[in-house]
Amino acid sequence: MKMLVVSDSHGDQEVLKRILEVEGEDTQMFFHCGDSLAEYTEMFPFATVKGNCDFFNKFNKHIELDSPIGYIYVLHGEMGLLNIKRMVKQLKYKPDIVLYGHTHIHSHEYHNDVHYFNPGSVSKPRDGTNGTYLIIEGTMKDDIRWEFKKVETLNNTNICRLGVKK
């Protein structure tokens, strides 16, 4: 199973389209961790949560779901990682993976058997990159791999659709 995680696109639909062109074909799950500044209908195929800048859209504040690689909890994360960890302790079902955004800085932390992933921002990064997103792959909870990818490398990727090189 392959999962694509993005965050903080701040209205840049073009970068999301480019990421989907490169990563989407063999991906089963798509998440956007908020601050899309887009309408619900513009975000397909991403399951999207509401960020602190998403004033007028109809996204939920969080998403919870079970998957082959574990229980996943998605939120924007404006309360900060320390408070996210406190919140996780109070949840009825403890997640295996927490996906959050807000900081515009890509990161991973493993704490009390929970993976905390922030994919960074695809359009307004604050981590010295030109934007990042996250790929998580695996077949079961105890066998996951992840990679933070740089948006700038998308321009060096050849896309083939119906035999036509773009």
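Leaving aside its neighbours within four places in sequence, which residues is asparagine 118 in contact with? They are Tyr100, Gly101, Thr103, Ile105, His106, Ser107 and Phe148. Contact here means heavy atoms within 4.5 Å. This is a predicted model, in which local features need pLDDT of at least 70, side-chain atom pairs count only at pLDDT 80 or more, and totals for chains, interfaces and linings use all residues. Residues are numbered from 1 along each chain as its sequence is written, and side-chain values use heavy atoms, with hydrogens and water left out.

Stay with asparagine 118 for a moment. It lies in strand 8, residues 114–119. Helices (H or I, at least four residues) and strands (E, at least two) are DSSP runs, numbered from the N terminus. Asparagine 118 counts as buried, at 0% relative accessibility. Buried means under 20% relative accessible area, exposed means over 50%, and partly exposed lies in between (1.4 Å probe, protein chains only). The side chain of asparagine 118 makes a polar contact with the side chain of threonine 103, at 2.8 Å. It also reaches the backbone oxygen of glycine 101, at 3.1 Å. A polar contact is a pair of N or O atoms within 3.5 Å; within protein, one must be able to donate a hydrogen and the other to accept it, and residues adjacent in sequence count only if both atoms are side-chain atoms.

Now step back to the whole chain. The protein has two helices and 12 strands. Along the sequence they follow the pattern β-α-β-β-β-β-α-β-β-β-β-β-β-β. The radius of gyration is 15 Å, close to the 15 Å that the globule rule gives for 166 residues, so the protein is as compact as a globular protein of that length. That radius is taken over C-alpha atoms, and the globule rule is 2.2 Å times the number of residues to the power 0.38. Along the principal axes, the C-alpha atoms fill a box of roughly 50 × 35 × 30 Å. Of the 166 residues, 47% are buried. Among contacts with a separation of 6 or more, 51% are between residues 24 or more positions apart. The protein exposes about 8800 Å², and carbon and sulfur atoms supply 51% of that area. Accessible areas come from the Shrake-Rupley method with a 1.4 Å probe; for residues, only the protein chains shown count as cover.

The loop between strand 1 and helix 1 holds aspartate 8. Histidine 10 is found in that loop between strand 1 and helix 1 too. Aspartate 8 has a positive phi of about 50° although it is not a glycine. Histidine 10 is not a glycine either, and its phi is positive, about 45°. At 0% relative accessibility, aspartate 8 is buried.

Helix 1 covers residues 13–23. At its start, a side-chain oxygen of aspartate 12 reaches to within 3.3 Å of the backbone nitrogen of glutamate 14. Gln13, Val15, Leu16, Arg18, Ile19 and Glu23 are buried in this helix. What do the buried residues of helix 1 pack against? They meet strand 1 (2–6), strand 2 (29–32), strand 9 (132–140) and strand 10 (143–150).

Further on, proline 45 has its place in the loop between strand 2 and strand 3. A cis peptide bond joins phenylalanine 44 and proline 45, with omega about 10°.

Finally, look at the rings. The structure holds five aromatic pairs. Rings of Phe, Tyr and Trp (its six-membered ring) pair if their centres lie within 6.5 Å; planes under 30 degrees apart count as stacked, over 60 as edge-to-face and the rest as tilted. Tyrosine 40 and phenylalanine 59 have ring centres 6.1 Å apart and planes at 40°, so this pair is tilted. Tyrosine 40 lies in the loop between strand 2 and strand 3 (47–48), and phenylalanine 59 in the loop between strand 3 and strand 4 (62–67), so the pair ties together parts that are 19 residues apart in sequence. Tyrosine 40 is exposed, at 61% relative accessible area. Phenylalanine 59 is buried, at 8%.

Tyrosine 71 and tyrosine 93 form another tilted pair, 6.0 Å centre to centre with 50° between the planes.
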